[in-house]
Amino acid sequence: MFCRRVAVFDNHFHLDPRGLYLEAAKMFKKAGGTHLMLTHLPYDDLPLAKGDDYATGYARTLDTAKRVRDEVGLTVFVAVGPYPVDLLRLDESLGLAGATAAMKRGMDLAADLVRSGEVTAIGEIGRPHFPVASDLWRASNEVLAYGMTVAKDAGCAVILHTEDPTPDTFEEFGGITDASGLPRHRVVKHHSPPLVLPEETHGVVPSVLAREDHLRQALQKGDAFLMETDYMDDPRRPGAVLGPATVPRKTAKLRAAGVMSEDAAARIHHDLPAKTYGIEFDQ
């Protein structure tokens, strides 16, 4: 059994007023969760015709964070940014050059919120997780590199949404990061498989999906990773990607089984988030 009290941090958690919303946050807390990275959603009920439209969506995410803090009593950090697949939607109405400019404007607006202290990180940004035409792929990488540069200037981390990574993909992200001037330890690859060794991640921070098999594999290699559910809060897909209580439940189960030590739990849920995002929170 374990007795040390540690933070329990879900690194990638969405909430939507049309979903379970605050009830999902309450489920996370009831299971033992203490801290969330609330990550911006591409709300399909809000207009997105130009870059400035991102401000409306970001405001909704910030309002959600406030409500979770006030009404649920969780510590909530926020990441906002233009969702990579938005490029395809904007390309249809603005053309690729206009879509690229709109996405970059979304990055700038996110950075403004970082500078104001309302937002912790820029994310999730990156490129589509499925095959697209080569011109869209190039534009996505251009926007990604721009986002990293903006994050470097704002002094914050970025959270990446991309295809499922391999060690080669992590190395590619490291190269893009170096060109931007952003430190690699401030780049988080969301929805990562259990790749945690230095030679697998090349300095980028993996946020491992909290499936038990993934976590056990990751813990066999070390504890240099974050945990996430990528909870979608989509009423059409209940529990996708993983349910809101998964991170605290899996953490408790693995600690009780001796698979995750107290020190490993502290590093995963407190020390690494603090270093990556430059945040402070009570345990």
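Student: Which residues lie nearest the centre of the largest pocket?

Tutor: Keep in mind that this is a predicted model. Leu41, Pro42, Tyr83, Met232 and Arg237 lie nearest the centre of the largest pocket. They are among the 27 residues that line it.

Student: What makes a residue a lining residue?

Tutor: A lining residue has an atom within 4 Å of a point of the pocket. In the largest pocket, 27 residues pass that test. The pocket's volume is about 700 Å³.

Student: Which strand gives the most to the lining of the largest pocket?

Tutor: Strand E6 does, with three residues. Helix H3 (86-115) and E6 each supply at least two.

Student: Now the sheet. In what order do the eight strands stand?

Tutor: The order is E1-E2-E3-E4-E5-E6-E7-E8, in an open sheet with parallel pairing.

Student: Why are strand E1 and strand E8 said to stand at the edges?

Tutor: Count partner strands. E1 (9-13) has a single partner, and E8 (226-228) also has a single partner, so one side of each is left without a neighbour in the sheet. From one strand to the next, the twist averages 25°.

Student: How do you know that E1 and E2 pair?

Tutor: Two strands pair if there are at least two bridges between them. E1 and E2 are joined by three bridges, therefore they pair. The two run parallel. Asp10 stands opposite Leu36 in E2.

Student: What joins E2 to strand E3?

Tutor: Five bridges join E2 to E3 (residues 75-80), and these strands run parallel. Met37 stands opposite Phe77 in E3.

Student: How many bridges pair strand E4 with strand E5?

Tutor: E4 (residues 121-126) and E5 (residues 157-161) pair over five bridges, in the parallel sense. Gly126 has His161 of E5 as its bridge partner.

Student: What makes strand E2 mostly covered?

Tutor: Five of the five residues of E2 (35-39) are buried. His35, Met37 and Thr39 point one way, while Leu36 and Leu38 point the other way.

Student: Where are the bridges of E7?

Tutor: Three bridges join E6 to E7. E7 and E8 pair over three bridges. Lys189 stands opposite Pro206 in E7, and Ser207 stands opposite Leu226 in E8.

Student: Why is a crossover called right-handed?

Tutor: Point the strands away from you. If the path from the first strand over the helix to the second runs clockwise, the crossover is right-handed. E1, helix H1 (residues 22-30) and E2 make a right-handed β-α-β unit. So do E2, helix H2 (residues 54-72) and E3. E7, H7 and E8 make another right-handed unit.

Student: Which strands does helix H5 lie across?

Tutor: H5 (residues 167-180) lies across E5, E6 (187-192) and E7 (205-209). Its direction is at about 155° to E6. Helix H7 (residues 212-221) packs on the sheet as well, touching E6, E7 and E8. H7 makes about 140° with E7.

Student: Why is Tyr21 called buried?

Tutor: Buried means under 20% relative accessible area. Tyr21 has 10%, so it is buried. Tyr21 sits in the loop between E1 and H1. Its phi is positive, about 60°, although it is not a glycine.

Student: How do you know that Asp230 counts as buried?

Tutor: The relative accessibility of Asp230 is 6%. That is under 20%, therefore Asp230 counts as buried. Asp230 also has a positive phi, about 55°, and is not a glycine. It is placed in the loop between E8 and H8.

Student: Which residues does a cis peptide bond join, with omega about -5°?

Tutor: Gly123 and Glu124 are joined that way. Glu124 lies in strand E4. The peptide bond from Ala240 to Val241 is also cis, with omega near -5°. Val241 is in the loop between E8 and H8.

Student: What do the buried residues of H8 pack against?

Tutor: They pack against E1, H1, H7, E8 and helix H9 (262-277). Among the buried residues of H8 (246-256) are Val247, Thr251 and Leu254. Gly258 follows H8, with a positive phi near 80°.

Notes: Residues numbered from 1 in each chain as written. Predicted model: local features only at pLDDT ≥ 70, side-chain atom pairs only at ≥ 80, totals over all residues. Heavy atoms only, no water. Helix = DSSP H or I, 4+ residues; strand = E, 2+ residues; numbered from the N terminus. Axes fitted to C-alpha atoms, helices over the stretch in contact; angles between N-to-C directions. Contact = heavy atoms within 4.5 Å. 1 Å grid on protein atoms, 1.4 Å probe; cavity = no way out; pocket = protein on both sides within 12 Å on 5 of 7 lines; lining within 4 Å. Points joined across faces, edges and corners; volume = space filled by probe spheres on them. Buried < 20%, exposed > 50% of the residue type's maximum accessible area, 1.4 Å probe, protein only.
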